[in-house]
Amino acid sequence: MGDAVQQFFAVKAKIAAAEREAGREAGAVTLVAVSKTFDAADIGPVIEAGQRVFGENRVQEAQAKWPDLKDAFPDIELHLIGPLQSNKAREAVALFDVIETVDREKIAAELAKEIAKQGRAPKLYVQVNTGSEPQKAGIEPRDAVAFVARCRDVHGLAIEGLMCIPPADENPGPHFALLEKLSKEADVAKLSMGMSGDYETAIAFGATSVRVGSAIFGTR
């Protein structure tokens, strides 16, 4: 059994323990295995071990490896978890099952156009910049609820979740709590939060999915 497979099972066990600890149902949290920078040969054993939900940061990189893997394993669910440029909306709608990084009007409009054109509707999350970091993608927390409403009312998009990446040097707990509060105000059911270093904390704050890369695949 390879390292990645062993680490995958260890992460699954920790998620199950964190669910129990938080008094949540077993299986309430989806593991999104972040496979960016790793190729099909690295990912294959983790798919064989039973993982079916994966996250990628870049549309182009995902296009190079996932179409064949998705043909071989049709039940794979692929998430875009990196920033989306509007000129990549067509490819993103064609390839991804979930797009977690809707964060501005232009992207919402492009996605709406492509969804109508392709007849394919990925699930959509709005990314919130909970730390208001200038270098980071995501909508400002104060604008998030109104933006979700605009996505729905103006663009006809079915927004089902919120996503955040807390500042690296801060306690993630308050950021997760803020996202959970905003999700209630915006009436969305899904919360994508928590990464390799803090996914157990995120589960305690109500994450419905956690994005774990290096704790499974190592660092590249």
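Q: Which residues does D103 touch, not counting residues up to four places away in sequence?
A: This is a predicted model. Contact here means heavy atoms within 4.5 Å. With residues up to four places away in sequence left out, D103 touches Q127, A137, G138, I139 and F147.

Q: Where is D103 found?
A: Strand 4 covers residues 98–102. Helix 5 covers residues 105–118. D103 sits in the loop between strand 4 and helix 5.

Q: Is D103 buried or exposed?
A: The cut-off for buried is under 20% relative accessible area. D103 has 12% relative accessibility, so D103 counts as buried.

Q: Which backbone nitrogen does the side chain of D103 reach?
A: The D103 side chain also has a side-chain partner: a polar contact of 2.7 Å joins it to R104. Its reach to a backbone nitrogen is 3.0 Å, and that nitrogen belongs to G138.

Q: How many Å does helix 5 reach from its first C-alpha to its last?
A: Helix 5 has 14 residues. At 1.5 Å a residue, 20 Å is expected. The helix comes close to that, with a reach of 20 Å.

Q: What covers the buried residues of helix 5?
A: The buried residues in this helix are I107, A108, L111, A112, E114 and I115. Their cover includes helix 4 (89–95), strand 4 (98–102), strand 5 (123–128) and helix 6 (141–153).

Q: Which residue follows helix 5, with a positive phi?
A: Helix 5 spans residues 105–118. The phi of the residue after it is near 65 degrees, and that residue is G119.

Conventions: Residues numbered from 1 in each chain as written. Predicted model: local features only at pLDDT ≥ 70, side-chain atom pairs only at ≥ 80, totals over all residues. Heavy atoms only, no water. Helix = DSSP H or I, 4+ residues; strand = E, 2+ residues; numbered from the N terminus. Expected span 1.5 Å × (residues − 1). Buried < 20%, exposed > 50% of the residue type's maximum accessible area, 1.4 Å probe, protein only. Polar contact = N/O pair within 3.5 Å; in protein donor to acceptor, adjacent residues only side chain to side chain.
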